[in-house]
Amino acid sequence: MSKNKEANNDSSLSVSKGVESGNSINPDSLQNFRDRNKSLTLSDYVDGIRNGNRTILSRAITLIESTRSEHQDLAQEIIEQCLPETGESIRIGITGVPGVGKSTFIETMGNYITGNGRKLAVLAIDPSSTKTRGSILGDKTRMETLANNPDAFIRPSPTAGSLGGVARKTRETIYLCEAAGYDTIFIETVGVGQSETAVHSMVDFFLLLMLAGAGDELQGIKRGIMEMADTIAINKVDDSTDKHIQQAVREYKNALHLYPPSESGWEPKVTTCSALKGTGIEELWELIQDYISATNENGYFERQRNRQAKHWMYESINNRLQDAFYNDPNVKRQRKKIERKVLEGTISSFKAAQKLIDLYNK
Ligand SMILES: Nc1nc2c(ncn2[C@@H]2O[C@H](COP(=O)(O)OP(=O)(O)OP(=O)(O)O)[C@@H](O)[C@H]2O)c(=O)[nH]1
Ligand SMILES: [Mg+2]
């Protein structure tokens, strides 16, 4: 040390050197923060997704969900480029009335299969979320261990838009998750309305969770939903020696026999599980594997996927035309006025529709 500096140390203006401290910001979070905020190019998105970067995957899904047309266009480009990496997963729909245990089940099954080396993406179609905004957010806390599982990715349902719009976005999100390396996709929905039909048209296997000891009328499950089920799992069977359970299994089996045999050649099964205790989960997963191999062998798996792809082409057309129509400035300006005339009875519904469509076509 030079004499000068030594002398300086005695000055009241001297600055003590201090101890070198470690980096107080976790470099990973810093990278995350940068990923979250910098604007990304098309190839940033595609590379990020292919490398399984969750932050970039989330951002791409946000583009899918955006109503802005430049976001939509970019999202379509990303999906297009990711397409070669898609299709290799097993897509499973999970439904059941509120409180049956869907979230608990997904958490338990999700941790079980990721423990066996699978990578899981959990998506949701929640028709109620338009009103309550973020009801699945509560779900995310109910799926706490899964939310922190590095092999699982949970995405809440998009909250804005019609069921058709939300379903299309979920369908597109499946592609991105597959390209990001998720080989198992769970799509959760509440078993009360039409959203099951939308989910059914995007999954390979449809699982219906039910309870024992309550008639299906009581459980609010529509007949059509039971007919779509590849398996009914009776949840909350914490004690499998319970006699009532065997009775419930028989009843559900009988109910399923009333439907015509499915084109898949698969006879729908009835199983029991306890999502809380984790029993019956492994057996159910094996059942799903059996279904996948059986339908792969007889060609149904591929046939169904093709049919779904075609279905979603037409759904997308309807959906996009609808979006374009309602977002058209002329239509936006006149719609309420013309609607009022219909309510006043000064113009017929059909004439009103024609007027608006003419405005759109201008
Ligand atoms: N005893 C028992 N309770 C369970 C089981 N599975 C879920 N539950 C409980 O049932 C309640 C509802 O479970 P959720 O997983 O939130 O049900 P959900 O179907 O996701 O409900 P919504 O999100 O409202 O549609 C919770 O208190 C769970 O702890 C089970 O196997 N046994
Ligand atoms: Mg739930």
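Student: At what angle do helix 16 and helix 17 pack, and how far apart are their axes?

Tutor: Bear in mind that this is a predicted model. Helix 16 covers residues 329-344 and helix 17 covers residues 349-361; they pack at an angle of about 170 degrees, with their axes 10 Å apart. The two helices are therefore roughly antiparallel to each other, since an angle over 145 degrees counts that way. On the helix 16 side, the residues that make the contact are Asn330, Val331, Gln334, Arg335, Ile338, Lys341 and Val342, and they meet Ser349, Ala352, Lys355, Leu356, Leu359 and Tyr360 of helix 17. Sorted by class, that contact has seven nonpolar, three polar and three charged residues.

Now set that beside another helix pair.

The protein has 17 helices and seven strands, and an open sheet of seven strands runs in the order 3-2-4-1-5-6-7, with parallel pairing. Its edges are strand 3 (152-154) and strand 7 (269-272), each of which pairs on one side only. From one strand to the next, the twist averages 25 degrees.

Strand 2 (residues 120-125) pairs with strand 3 in the parallel sense over three bridges, and Leu120 has Ala152 in strand 3 as its bridge partner. Helix 10 (residues 163-179) lies across strand 1 (90-96), strand 2, strand 3 and strand 4 (184-190), and runs at about 175 degrees to strand 2. Helix 13 packs on the sheet too, touching strand 5 (205-210), strand 6 and strand 7, and its direction makes about 160 degrees with that of strand 7.

Six of its six residues are buried, so strand 5 is largely enclosed by the rest of the structure. Both faces are covered: Phe205, Leu207 and Leu209 are buried on one side, and Phe206, Leu208 and Met210 are buried on the other. Strand 5 pairs with strand 1 in the parallel sense over four bridges, with Phe205 as the bridge partner of Ile92. Strand 5 also pairs with strand 6, in the parallel sense and over four bridges; there, Leu208 stands opposite Ile232.

Lys236 sits in the loop between strand 6 (231-234) and helix 13 (243-257). Its phi is near 65 degrees, a positive value in a residue other than glycine. For background, most residues other than glycine have a negative phi. Lys236 counts as buried because 22 C-beta neighbours lie inside 10 Å, and the cut-off is 20 or more.

Val46 is found in helix 3 (residues 42-50). Setting aside neighbours within four places in sequence, Val46 is in contact with Ile78, Gln81 and Cys82. Between Val46 and Ile56, the separation is 10 residues in sequence and 8.8 Å in space, C-alpha to C-alpha.

Finally, zoom out to the whole chain. Of the 362 residues of the protein, 32% count as buried. Among contacts between residues at least 6 apart in sequence, 72% join residues at least 24 apart.

Notes
Residues numbered from 1 in each chain as written. Chains lettered and ligands numbered in written order. Predicted model: local features only at pLDDT ≥ 70, side-chain atom pairs only at ≥ 80, totals over all residues. Axes fitted to C-alpha atoms, helices over the stretch in contact; angles between N-to-C directions. Parallel < 35°, antiparallel > 145°, perpendicular 65-115°, else oblique. Contact = placed C-beta atoms within 7 Å. Nonpolar A, V, L, I, M, F, W, Y, C, P; charged D, E, K, R; others polar. Buried ≥ 20, exposed ≤ 12 C-beta atoms within 10 Å, placed from the backbone. Pairing = 2+ DSSP bridges.
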